[in-house]
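Subject: Structure handover

Hello,

I am passing this structure on to you. Please look through it first; my notes on what was found follow below.

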Amino acid sequence: MPKLNENYLNLKESYLFSEIAHRVNAYTAANPEKKVIRLGIGDVTLPLGSEMITQLHEGVDALASAETFKGYGPEQGYDFLRSAIVDYYCQNNVSIESSEVFISDGAKSDTGNITDLFDKDNVILIPDPVYPVYVDTNIMNGRQITFIDANEDNHFLPMPNYNIHADIIYICSPNNPTGAAYNKEQLKEWVDYALENNAIILYDSAYECFITDKNLPRSIYAIEGAKNCAIEFCSLSKTAGFTGTRCGYTIIPHDLKFIASTGKNLSLNAMWNRRQTTKFNGVSYIVQRGAAAVFSAKGMAQCRQNIKYYQENAKIISDGLSKKNITYFGGINSPYIWFKCPNDMDSWEFFDYLLNNAQVVGTPGAGFGKNGQKFFRLTSFGSRENTIEAMARIDKLFA
Ligand code: MLT
């Protein structure tokens, strides 16, 4: 009999968004006449911009003739896309090399897969509440996690505590689920802490495109010293509406090196390259053609237009909550609005209440950690019509 990975016994029975889908499906099956509005998972609703569509089509056409056909591509991604990402960072005054960029099918996979590079015995520091992938993937590997509180007292931006040692630190900024974003000075404190502890920061910048405040860093590499202590993950899911198309990237600087027990200097970039060439065959050429279009002037302008639309939705949600005197966070520099459940309800209780009484689906804060117990998350990625209607229903519910 195989010995199974019994760390799975330590996981919640299902992944947060699977649990939500399960409850919503049960509700719609029992109430087929009700129109349910889904503002739970952060899934986009607007179609891809025409520039991305054109390039996706070109990618398909290339496969139709022997001269331009593509078989296996480079596991790290095609140079045309890696270079486009380097240029994008350059526009934000961050200099990286294309050999530091690894193309993937999204930040979810890479933030999970990166755990392959680390021994089981590391002190993992994760803010609570947090995107559940960081927690679940470490539990799957049997690692102990130390949580740091992100709450109203610290504006959902916990700062390093030098009394706690950490080897691996997860930071998501702008944050999923709270919408809070670190400024440069705060991020510098984390970088200094990581350097002093010889630790590594796993920095998820999947929501950087929602930053409107020019003083906020869009990459951790805007902070001096970060290339010696941080890996950055990003995704085109929210930047360009690629939730279904699937494309993201991970940046591992060449300067990121640690000494192994043998005394050998190990490069994380080389280790990830070894891991990817063994376990991954790259993202399809077609998708990478579409992804490269995101970084063209025309493509980026179209993406920005869609982002603006979602930002307007965020404002509609925030205004609706303000009107009801519901305390909320996020919604600026972030597509997520994080608010206190009305009437002191627990978040799953509020989830059921909202679904049953207003047919609006959100995400219960408890799914992101214990500090989310009394909070709820709405996404601005719905259609305008649904966003307006959802807020009208909430307005009526708490009249
Ligand atoms: C979310 O709703 O938290 C995100 O869409 C999940 C993800 O990006 O995987």
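Predicted model: local features only at pLDDT ≥ 70, side-chain atom pairs only at ≥ 80, totals over all residues.

A disulfide is taken here as a pair of cysteine sulfur atoms within 2.5 Å.

Cysteines

With that cut-off, the number of disulfides comes to zero. C172 is an example: the nearest cysteine sulfur belongs to C234 and is 10 Å away, so C172 is in no disulfide, given the limit of 2.5 Å. Is C172 buried or exposed? C172 has a relative accessibility of 4%, and because buried means under 20%, C172 counts as buried. C341 falls under that 20% limit too, with a relative accessible area of 7%, and is therefore buried.

The ligand

Which residues are found around the ligand? They are F17, I41, G42, Y131, N176, Y207, K238, Y336 and R377. Sorted by class, this shell consists of five nonpolar, two polar and two charged residues.

The side chain of N176 has an N or O atom 2.8 Å from a ligand oxygen. On its own the ligand has 270 Å² of accessible area, and the protein covers 85% of it.

Cavities

How many cavities of 30 Å³ or more does a search of the whole structure find? The search finds two. The largest cavity holds about 90 Å³ of space. Its lining is made up of 14 residues. Among them, P127, F156, P158, N175 and Y182 lie nearest the centre of the cavity.

That is the end of my notes.

Regards

Technical notes. Residues numbered from 1 in each chain as written. Heavy atoms only, no water. Near = heavy atom within 4 Å. Polar contact = N/O pair within 3.5 Å; in protein donor to acceptor, adjacent residues only side chain to side chain. Areas by Shrake-Rupley, 256 points an atom, 1.4 Å probe, with all protein chains shown as cover. Nonpolar A, V, L, I, M, F, W, Y, C, P; charged D, E, K, R; others polar. Buried < 20%, exposed > 50% of the residue type's maximum accessible area, 1.4 Å probe, protein only. 1 Å grid on protein atoms, 1.4 Å probe; cavity = no way out; pocket = protein on both sides within 12 Å on 5 of 7 lines; lining within 4 Å. Points joined across faces, edges and corners; volume = space filled by probe spheres on them.
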